Amino acid sequence: MSRPLKVTAVAGSYKLPSRTAALVAALTEKLGQQIAIDLHQIDLSEIGGSFTASFDPRDLPARVQKDIAAIETADLLIVATPVYRASYSGLFKHLFDLVNYEALIDVPVLLGATGGSDRHALIIDHELRPLFSFFQALTLPVGVYATEADFENYKVKSEALKARIDLAIARALPLLKHRVAVTEASLQAV
């Protein structure tokens, strides 16, 4: 039997509940239906105020150090951010400023974002992919963007968004085989 995939999921919203956290939950839930995962969830709304004054990870509270260690040792990162003025938030960026620049080499990253309208959908390719390219991470082929209209009571309601989540996970699974043994049954179940 193989070990579970170590997944660190980062919801980059300043508040809970949020559509961004709901998107992260939908992605991790779908992944967990396909393969065994060991999930470490990071909600910026819960830790944001505790790391803004530091640029040295050694000066951070223990909880934030644990979260950064989870990012740096993940088999897979799932990251999602709300769009703020056509980009990710400064707090989201600062969290990754604290991550060792060599820790994410070849780590698969599933990218997600939420925004008020479709006009911000290119954040995944124009902002998030370059950020994780700096880390030499492997950004997965299908990112997931969602708008306010895709949610109801902070739950995914849009069938198109559900299909995009399914596609993102299906396309990710074959790329995760080198991280843990993924059974043929898991790959065929998608």
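These legends describe close-up views of a predicted model. Residues are numbered from 1 along each chain as its sequence is written, and side-chain values use heavy atoms, with hydrogens and water left out. Local features need pLDDT of at least 70 and side-chain atom pairs count only at pLDDT 80 or more, whereas totals for chains, interfaces and linings use all residues.

**View 1. Helix H1 spans residues 19–34.** Helices (H or I, at least four residues) and strands (E, at least two) are DSSP runs, numbered from the N terminus. H1 has 16 residues and reaches 23 Å from first C-alpha to last. That is close to the expected 22 Å, taken as 1.5 Å times one less than the number of residues. Buried positions in H1 include Ala 22, Leu 23, Leu 27 and Leu 31. Buried means under 20% relative accessible area, exposed over 50%, partly exposed in between (1.4 Å probe, protein chains only).

**View 2. The largest nonpolar core holds 33 residues.** Such a core is a set of buried Ala, Val, Leu, Ile, Met, Phe, Trp, Tyr and Cys residues joined through side-chain atoms within 4.5 Å. Leu 77, Phe 96 and Phe 132 have the most contacts inside it. Elements giving two or more residues to this core include strand S3 (76–82), helix H4 (90–97) and strand S4 (108–115). Helix H5 gives the largest share, five residues. A second, separate core of 29 residues includes Leu 76, Leu 140, Phe 151 and Ala 172.

**View 3. Phe 132 and its contacts.** Contact means heavy atoms within 4.5 Å. Neighbours within four places in sequence are left aside. Phe 132 then touches Leu 77, Val 79, Phe 96, Leu 104, Val 109, Leu 111, Ala 137 and Thr 139.

**View 4. Strand S4 is buried on both sides.** Eight of its eight residues are buried, so S4 is largely enclosed by the rest of the structure. Pro 108, Leu 110, Gly 112 and Thr 114 point one way. Val 109, Leu 111, Ala 113 and Gly 115 point the other way.

**View 5. The strand partners of S4.** Two strands pair if DSSP finds at least two bridges between them. S3 and S4 run parallel over six bridges, with Thr 81 partnered by Ala 113. The chain crosses from S3 through H4 to S4 in a right-handed β-α-β crossover (clockwise from the first strand over the helix to the second, with the strands pointing away from the viewer). Strand S5 (residues 138–139) joins S4 in parallel through two bridges; Leu 138 is the partner of Pro 108. Strand S6 (residues 144–147) pairs with S4 in the parallel sense over four bridges. There, Tyr 145 is the partner of Ala 113.
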